[in-house]
Amino acid sequence: MEKHKLKELTEQLFKYNNEAHETFLNHRETGEKGDFFLEVKPFADQIKIICDEWEPLAVKWALQEKPKNLHPMQIRNTAENIQMVSIRAFFPESSLKRFISHIQSIDFILRRMLEELDRE
């Protein structure tokens, strides 16, 4: 049951990571910042709620299953990074290179987790 919940949450974060990427590209294109109360806060809050549930489950799973190339520290960093990009996505002045780098590392960890969870 816990693995099912973990997979569901991981898929949600994966989707939100892609959404943050799209949002960032749109804001870079228009040069307009997102409205804090209408866009930024609701999006960041949604991700925080999922992260707060996902992170302890994911760390516990990583410690139990010991998946190859997935460590608890990477999971903690991923939770931190996705919360950061959920806010930075709305600010066109954010560093493109750094933002894309975070998006890619989040994507990598979440994909690896989904592969491992599908294998079990």
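Take contacts between residues at least 6 apart in sequence, where contact means heavy atoms within 4.5 Å: in this protein, 80% of them join residues at least 24 apart. Keep in mind that the model is predicted, with local features needing pLDDT of at least 70 and side-chain atom pairs counting only at pLDDT 80 or more, while totals for chains, interfaces and linings use all residues. Numbering starts from 1 along each chain as its sequence is written, and side-chain values use heavy atoms, leaving out hydrogens and water.

What secondary structure are you looking at? Four helices and zero strands, where helices are DSSP runs of H or I with at least four residues and strands are runs of E with at least two, numbered from the N terminus. Along the sequence that reads α-α-α-α.

The C-alpha trace spans about 45 × 25 × 20 Å along its principal axes. Of the 120 residues, 42% count as buried, meaning under 20% relative accessible area with a 1.4 Å probe, protein chains only.

Now for the inside. Leaving aside residues up to four places away in sequence, Trp54 touches Leu6, Leu9, Thr10, Leu13, Ile75, Thr78, Ala79, Leu110 and Met113.

Key
Buried means under 20% relative accessible area, exposed over 50%, partly exposed in between (1.4 Å probe, protein chains only).
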